[in-house]
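Here are my notes on the model you sent. Please keep the sequence and the structure open while you read.

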Amino acid sequence: TNLSTVFLGFVLPYWMVAGSFCASMATMIVNPLAQISGHMPTWRPGMESTRTLWAGSIDIWLSFGIGTAFAVALLGMYKMAGTWLEARRQGLEAAERALGVGEAPEGRGDFNIWWCMALFLLTTAGYIVLCKFLVPDFPMIFLLVYGFIWTPFQSYVNARMIGLTGQFISFPMVREATFIFSGYKGVAIWFAPIPLANYGATTGRFREVELTGTKFTSILKAEILMLLVVIPCSFLFWSYIWRLNPIPSISYPYAQKFWDFTALQQWVWYSATTEGGHREIFERAIKPGLMVGGLGFGLLSYVVLDFLRLPIMLIYGFIRGLGIMPHFIVPEFMGALIGRYYMRKRFGEENWKQWPPVLYAGFSCGMGLIAMLAIAISLVSQSITQMPF
């Protein structure tokens, strides 16, 4: 896994990785200082790394991270507006291209826009009916806004952002905020299949499909075939694994290590829609002052970096690195340093730019195949009953 992270450091922009490394190091400095000064009361001596990470999240980084996430969203909208205005100054045709107006190229397999809209409305309505059936007490107005207003809006904004600037914009905590302020009490809504999605990133895949000459209709057929195969096989596979050994247990070391950490993280949000003492953990975690501080830090850092003509990726990388264990960031930064200061000089800058994605893709494929083989061997060995003689 660490070697895979090193290869990832080759691929990601250097200044983004450097920013993430700075955030990781800042976390290691801020956490002890906060504990000494009494601002990290959740931490206890003897806590392992996952519990320490959770304690830091509850006391500091969750609220601060929410603020920085809002900063990223505002900066993304600001850059998108600037790009569109610049295109408009260049003429109406350029502005239309920036907004995605115009005829689609022939031969891509595009199907009728009215069929697309009808299918979207039908599937969204199905999600709304299912959610209302599963969680009848949740207000219907939120489901309607999720499906028919917010999902198309944020999908369009992200599609344009990715096409114009190459960046993905996320409007943070929409789901969590609406659950909390809706007045609903209970945890069932957190598990419901609400019609809240962001399809903006799919446009990147559509562009890849277009470049390879694959029709959109062919992708649709492949997805339908895959769905028919994957769902039955998944249930068989899950049932088989569940019957082998208890989960979590020593037979599943990752689940045994991280299941409680994941459960604690989810508990913070689930407790927000409960009553009584169960809500205490959520009230401890959400600190408006730190949220405002995170927002101000993100915006101010962007202004300072832009004024000094320093790489803006530093602040994006810093925000990305908040709350990530140093175990993952340090090898990634090592890969970024090797790629920038050795590989680039060894093979030439232009030549080296072509190789990191290929190396990372090849290593990931090979590691995936070996992992699947090892998992298969492990499952077969566990399914065989060993006799005592």
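1. Helix H6 (residues 140-165) supplies the largest share of the nonpolar patch, six residues. The patch covers about 570 Å² of surface and is built from Leu 121, Met 140, Ile 141, Leu 144, Val 145, Phe 148 and Ile 149. Patch members have over 30% relative accessible area and no salt bridge; nonpolar side chains (Val, Leu, Ile, Met, Phe, Trp, Tyr) are joined within 5 Å, like charges within 9 Å. Met 140 lies in H6. Its relative accessible area is 32%, so Met 140 is partly exposed. Buried means under 20%, exposed over 50%, and partly exposed in between (1.4 Å probe, protein chains only).

2. Some ground rules. This is a predicted model: local features need pLDDT of at least 70, side-chain atom pairs count only at pLDDT 80 or more, and totals for chains, interfaces and linings use all residues. Residues are numbered from 1 along each chain as its sequence is written, and side-chain values use heavy atoms, with hydrogens and water left out.

3. The overall fold. The protein chain has 16 helices and zero strands. Helices (H or I, at least four residues) and strands (E, at least two) are DSSP runs, numbered from the N terminus. Of the 389 residues, 32% are buried. The accessible surface is about 24,000 Å², and carbon and sulfur atoms hold 70% of that. Areas come from the Shrake-Rupley method with a 1.4 Å probe; for residues, only the protein chains shown count as cover. Take the contacts between residues at least 6 apart in sequence: 73% join residues at least 24 apart. Contact means heavy atoms within 4.5 Å.

4. How do H2 and H14 pack? Helix H2 (residues 14-36) meets helix H14 (residues 326-347) at an angle of about 145°, with axes 9 Å apart. Axes are lines fitted to C-alpha atoms, for helices over the stretch in contact, and angles run from 0 to 180 degrees between N-to-C directions. The H2 side of the contact includes Trp 15, Phe 21 and Met 28. The H14 side includes Ile 329, Glu 332, Phe 333 and Tyr 341.

5. Glu 332 also has a charged partner. Its salt bridge goes to Arg 320, with the closest N and O atoms 3.0 Å apart. The pair links distant parts of the chain: Glu 332 in H14 and Arg 320 in helix H13 (residues 313-321), twelve residues apart. Glu 332 has a relative accessible area of 3% and therefore counts as buried. Arg 320, at 30%, is partly exposed. A salt bridge here is a side-chain nitrogen of Lys or Arg within 4 Å of a carboxyl oxygen of Asp or Glu.

6. The structure holds four salt bridges. One of them joins Asp 260 to Arg 51, with the closest N and O atoms 3.3 Å apart. Asp 260 is buried at 15%, and Arg 51 is partly exposed at 33%.

7. Check two backbone spots. Most residues other than glycine have a negative phi, and most peptide bonds are trans. The peptide bond from Ile 247 to Pro 248 is cis, with omega near 0°. Pro 248 sits in the loop between helix H9 (216-244) and H10. Arg 309 is not a glycine, yet has a positive phi of about 60°. Arg 309 lies in the loop between helix H12 (288-307) and H13, and is exposed at 68% relative accessibility.
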